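Please walk through this structure with me, one region at a time. Keep the sequence beside you as you read.

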Amino acid sequence: MALLHVGWENELREQFSLLSATSVEVDNKCETEITHLGSTTDTFLLHLCDEVLMLILQELDPVSLLRIGTTCRLLFRVSSCNSLWRKHYQASFGVPFPTATCLMSAKKAYSLLVMWRAVFKSLHCNRSLQEKLFGEIPNPPHKYWIQWLVLEESVPLPSVTLPCVDIETFWGVGQDVLESKFKEKSDEGDIMSFEWKELYDMAVEHHGSRALVFQHVLNQQNTNDHTELESMHRQYTQCRFQWLFSYWLFRQPTPLDRQLRSIFLQWRSYRKSKVASWGDTLCDVHYLASLHSITSDFWRGRLARGDETVGIQTVDNYFSMCKSLLAWILGRDWGTLKRKKVYEDTLEGVYLLLRAEMREKLVEHERFWHVAKLQMSRVCTLEETAANYVNWKMIEMLPYYKLYLVTGNPIYLDQVRGFLRRKRLIHNWLYQEETTWARQLLPDELFSLLEFDTKLSQDSLHGDTTPAQLGRLIWLYLHSGHQLYLEAVKGMVLECAHATLAFYQAQAQARPPAHHPPAPHGGEEAWPEARRF
């Protein structure tokens, strides 16, 4: 169910700058005034009373609620009501918002908590936050960050050592609770050392619920300057996919790191200079992401509705499938070219078939592997249809090739077979005995178009040149099978051959006849050089 809300939650991250905007800022940005109403009887949204507007706005998700608040001063005021944001607060954090006792508005509390949770979730790959939390070790972080860490049950930091007064302030735990705990005397006063989990449990027990712990933290943060958190959240919003992809690609354990690199680059065309710095600071991670369609999609935030955590799990499951597929293919008694072609085409088919699914939700390893086996059987069927590697490379550019991979419909396989059969018909006609003269007279650029193993690229079909015109006729015949186009191809080939023959004849006639001196006595033997004529 959580994935159903991922789309608007991620879009919400882009809108947080609006949460801290004042009504004056919104008014200056976009103020709507209704004038010249006259005697019209139409009812506009702004004509409705606040109670009706509240009923309408409570149906909106947080992103829509933020957007409508930017349109005018009236809607900004109504959309900022606590009653609208309380349900979003509870839905996101699992605790009710204490309206009566919290010093913050529900809207501001919601924005700060969402920003903190998003930033803290990226701690393992967020260097900026790591410097804030780990930079002072063995000393605790800055007090501002400690106050936010109070909300977290699991904190990857050493035990916190603070004066008793600070612990009472941050966690809201009474001194009577701390008196029974171990204290270390120091020159600075009573210093206490606790594990973060222990302090979290003590705070929940003392306050009575997680909701009251949230309220305590929000009240403490009410007067603080949150510019640093907002800046860090903006950086996270812009770079979260790049951070997580780099962490996943380079921070695997040593044996898994070598395996992942091998699978990631297996049978891929890449520049060695780009891969030589693998894992280094100067490594071009964007280039590495572009080597696979799925990693390129993740880099752009197109997987799992923009949820980077779910998206990277899908990427990890995909390459786990690649590992299984590669092991299976290498175990076959195939040549290198066939192994590479089966592997590449199978992965392309898997991506094409699951692309829409990957963009919506998490795709597990089992799902990838099931589709990969299906695609591999279709690729092998196409390989058998092609009969050899040359034909196989030629048909890979056909639209029917990919359509068969994705659908498995035998109609597309018949189209591929028909294409090869028609290609062979043109080749066989050209090499008939009665067309030998035409074959010898054709220019090279036309002769190559009629060869069986020639690929017709769409770029070569444009223009008014003779090769382009012949290429279009061949292309129409190969893809339609109409006999009319085949006859047009034959006619054009013979016409070009006749034109070439006429050209050579005209040249021969225009050339002046050669004059030889009379042979001396003794015949040709006396003129050995005459043999050259």
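What follows covers confidence, then helix pairs, then some backbone details.

This is a predicted model, so confidence comes first. The chain has an average pLDDT of 85. A score of at least 70 is reached by 85% of the residues.

Now to the helix pairs. Two packed helices are described by the angle between their axes and the distance between the axes.

Start with helix 6 (residues 82-93) and helix 7 (residues 106-121). Their axes lie 8 Å apart, at an angle of about 25 degrees. Angles under 35 degrees count as roughly parallel, so helix 6 and helix 7 are roughly parallel to each other. Their crossing is left-handed. Which residues of helix 6 and helix 7 meet? Helix 6 brings Asn82, Trp85, Arg86, His88, Tyr89, Ser92 and Phe93. Helix 7 answers with Ala106, Lys107, Ala109, Tyr110, Leu113, Val114 and Arg117. By class, this contact of helix 6 with helix 7 has eight nonpolar, three polar and three charged residues.

Next, look at helix 12 (residues 196-207) and helix 13 (residues 210-221). The axes are again 8 Å apart, but the angle is about 100 degrees. Values of 65 to 115 degrees count as roughly perpendicular, so helix 12 and helix 13 are roughly perpendicular to each other. Tyr200, Ala203, Val204 and His207 come from helix 12. They meet Arg210, Leu212, Val213 and His216 of helix 13. The contact of helix 12 with helix 13 has five nonpolar, two polar and one charged residues.

Further along come helix 23 (residues 399-407) and helix 24 (residues 410-430). Their axes come within 8 Å and cross at roughly 155 degrees. An angle over 145 degrees counts as roughly antiparallel, so helix 23 and helix 24 are roughly antiparallel to each other. The crossing of helix 23 and helix 24 is left-handed. On the helix 23 side, the contact is made by Tyr400, Tyr401, Leu403, Tyr404 and Thr407. On the helix 24 side, Tyr412, Leu413, Gln415 and Val416 take part. The contact of helix 23 with helix 24 divides into seven nonpolar, two polar and no charged residues.

How does the span of helix 21 (residues 365-386) agree with its 22 residues? At 1.5 Å a residue, helix 21 should span 32 Å. Its end C-alpha atoms are 31 Å apart, which agrees. Ala387 follows helix 21, and its phi is positive, near 75 degrees.

Ala304 has a positive phi too, near 50 degrees, in a residue other than glycine. Ala304 sits in the loop between helix 18 and helix 19 (308-330).

Ile137 and Pro138 are joined by a cis peptide bond, with omega about 10 degrees. Pro138 lies in the loop between helix 8 (127-134) and helix 9 (143-149).

Methods: Residues numbered from 1 in each chain as written. Predicted model: local features only at pLDDT ≥ 70, side-chain atom pairs only at ≥ 80, totals over all residues. Heavy atoms only, no water. pLDDT = per-residue confidence, 0-100. Axes fitted to C-alpha atoms, helices over the stretch in contact; angles between N-to-C directions. Helix = DSSP H or I, 4+ residues; strand = E, 2+ residues; numbered from the N terminus. Left-handed = near helix turned anticlockwise from the far one by under 90°. Contact = heavy atoms within 4.5 Å. Nonpolar A, V, L, I, M, F, W, Y, C, P; charged D, E, K, R; others polar. Expected span 1.5 Å × (residues − 1).
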